[in-house]
Amino acid sequence: MFRLIRYLTKKQVFFFLLLLAFLVVQVFCDVTLPTYTARIVEQMQAGAEALAILKTGGIMLAFAAVSVLATIAETFLSASISTGLGRRLRGEVFSHVLSLSDRTAGAFTAGSLLTRTTNDVQQVVSSMVLILRLGVGAPLMAGMAIVRIARSSGELTFVTAGAVVILLCGIVSILAVTLPRFKLVQKLTDRLNGTLRDTLTGIRVVRAYNAEEYERARFEEVSAALQKNNTFAGRAMALMNPLMMLIFNGLTLAIYWLGCFIIVRDNNAAFFPEMFSFTQLASQVVTAFMVLIMLFNMIPRAQVSAKRILEVLQKQSELKDPAAPAAYTPDGSIEMKNVSASYGGAPVLSKVTFRVEKGQTLAVVGGTGAGKTTLLKLLLRFLDADAGEVFVGGTNVKDVPQSELRRHLGYAPQKSALLSGTIRENLAFADPSLSDDKLMAAADAACADGFITEKGGLQAEVAQGGRNFSGGQRQRLSIARALAAKPSYVLFDDSFSALDFATDARVRKNLKERFAGTTKVIVAQRISTVRDADVIVVLDHGQMAGAGTHEELLKTCPAYREIAESQLSQEELAR
């Protein structure tokens, strides 16, 4: 929890210092009140005039009023600090995840990242409100009260200290049992979110296979485990309240019994006001520990949540921008020299070498899992090569800031990732200042202008994930988005798979005619999509099986010929 303090802004640190000042004022006032209570008792024993008693009571009211005002200020400041920290943490986690490479981000599931950004941050914020006020104020009150108690009677101080020790032993024992459960609760929450996410995103598959009962049972299994652990932890923490009340009542009884014994033993009736004041001070000590118990109900959860947040924030990406980047003016070329890459295990790509010039089309083909998408990730620098060099525009991608590199790249991913909003917002994602004419020109090149007009134009709504569009329409919108800003390079990761052959051919024709100066990289399964490419790279289980034109590969690359013969007739191959 303390390691999260560095995420406080200067304004929040200033608020925290103010909070400490108000806490000192409040605690001083609260601890001082029993002294005036004892003074009123003394005045009544001595038969003082009502005016003197009222004067003492007025002083007590003044202290109480200052305490109330300080408490109000503390509430405002602690809420401001904690909610501000929550906003900062959510932003930091979100931004940090965006900066991670695919290899590093793979250490966390999507469900876990959602939980850490929302539930875990909220746990920390909720606890921080109490920690700032009560976690500092309660020990301060207990300390001041104990100092005043020690001045009154050593015997009564010993009794109070004994009660505090018993209380602390009970708290430590309960926490030793519950803390592991709280850690398990957060892991089960991750699983619950992951299960729910899988079911909702694959709801059509679940229904198609009549798997509702199976999914319901899978969800209930995780939910039941979460309930079991929450119930156990809740019951264990609930033992704190009766333990606290037992100790508090026992301490009160012990103070009265021992106080009366001291009065009789020493024949000192003047000790009665002190005993009255001592009872209130002892009550403040126990109350302070009662408050700490409230915190102990939340701190274990917050501790686990804080650790999980820090796990994300401290995860370092291997993608580093150059310390002194040179001016970047890409020449349109793409080159790989003996490139190998992995995701931390076995190599996904091994010793890949090729080169294409400006305006040419590079096609990448191969079986499932051959490493085609990984090759694109290296060009986009979503991933760094384990060995070899990757050049985009004549410069090693490691020598170019990531934002500058990607400013020249258009990308249509394998899964058309459309965002909720309007068609315009999706197409103008690379540059929101693009005019409607330019966006529609890109849509026309992607053969998407027809259905865009039917939907109501660029202001038509796009549901989350583009659910209100067909698979082919989503792919054409993704292609149009990649082309809209007219980048130097466009990368298509199997982005033609949902298109019919006629649309596929029209889109490729438009790319050739309208984007002649743009270097194009096409990952595809269909030979008809890539046969006209200037350079075709064939991957086979991460190995480079061949590189060349369609005609060259049919003669020299058995792996490519096998793929081609499985899709095309002999007449089509001979063309």
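Apart from neighbours within four places in sequence, Ser495 makes contact with Ala412, Pro413, Gln475, Ile479 and Val523. The model that shows these contacts is a predicted one. Ser495 belongs to the loop between β9 and α16. Its relative accessible area is 1%, so Ser495 is buried. Thr518 is 23 residues away along the chain, and the C-alpha atoms of Ser495 and Thr518 are separated by 17 Å.

Asp494 also has its place in the loop between β9 (489-493) and α16. The backbone of Asp494 has a phi near 50°, which is a positive value in a residue other than glycine. With a relative accessibility of 12%, Asp494 counts as buried.

Aromatic rings are the next topic. A search of the whole structure returns five aromatic pairs. One of them is formed by Phe492 and Phe496, whose ring centres are 5.4 Å apart and whose planes stand at 65°, so this pair is edge-to-face. The angle decides the class because planes over 60 degrees apart count as edge-to-face. Both Phe492 and Phe496 are buried.

Two arginine residues lie over the faces of phenylalanine rings. Arg181 is placed over the face of Phe232, at 4.1 Å from the ring centre. Arg526 is placed over the face of Phe501, at 4.7 Å from the ring centre.

Which helix comes within 8 Å of helix α13, axis to axis? The partner is helix α16 (residues 501-514), and its axis crosses that of α13 (residues 436-445) at roughly 125°. This angle makes α13 oblique to α16. On the α13 side, the residues of the contact are Ala441, Asp444 and Ala445, and they meet Val507, Asn510 and Arg514 of α16. Sorted by class, the contact of α13 with α16 holds three nonpolar residues, one polar residue and two charged residues.

Helix α10 (residues 372-380) contains Thr374. Of the nine residues of α10, eight are buried, so the helix is largely enclosed by the rest of the structure. The buried residues in α10 are Lys372, Thr374, Leu375, Leu376, Lys377, Leu378, Leu379 and Leu380. For Thr374 the relative accessible area is 5%. When residues up to four places away in sequence are not counted, Thr374 touches Ala341, Tyr343, Val348, Leu349 and Leu383. Just after α10, Arg381 adopts a positive phi of about 60°.

Is His541 buried or exposed? His541 is exposed, and its relative accessible area is 71%. His541 has its place in the loop between β11 (535-540) and β12 (543-548). Its phi is near 55°, again a positive value in a residue other than glycine.

Ile53 has its place in helix α2 (residues 50-99). At a relative accessible area of 23%, Ile53 is partly exposed. Ile53 and Arg39 are 14 residues apart in sequence, and their C-alpha atoms are 8.7 Å apart in space. Gln567 is located in helix α19 (residues 558-567). This residue is also partly exposed, with a relative accessible area of 35%.

The accessibility values of the individual residues are collected below.

| Residue | Relative accessible area | Class |
|---|---|---|
| Ser495 | 1% | buried |
| Thr374 | 5% | buried |
| Asp494 | 12% | buried |
| Ile53 | 23% | partly exposed |
| Gln567 | 35% | partly exposed |
| His541 | 71% | exposed |

The classes follow from the cut-offs: buried means under 20% relative accessible area, exposed means over 50%, and partly exposed lies in between. Ile53, at 23%, is therefore placed in the partly exposed class.

Note on methods. Residues numbered from 1 in each chain as written. Predicted model: local features only at pLDDT ≥ 70, side-chain atom pairs only at ≥ 80, totals over all residues. Heavy atoms only, no water. Phe/Tyr/Trp six-rings, centres within 6.5 Å; stacked < 30°, edge-to-face > 60°. Buried < 20%, exposed > 50% of the residue type's maximum accessible area, 1.4 Å probe, protein only. Lys NZ or Arg CZ within 6 Å of the ring centre and 35° of its normal. Axes fitted to C-alpha atoms, helices over the stretch in contact; angles between N-to-C directions. Helix = DSSP H or I, 4+ residues; strand = E, 2+ residues; numbered from the N terminus. Parallel < 35°, antiparallel > 145°, perpendicular 65-115°, else oblique. Contact = heavy atoms within 4.5 Å. Nonpolar A, V, L, I, M, F, W, Y, C, P; charged D, E, K, R; others polar.
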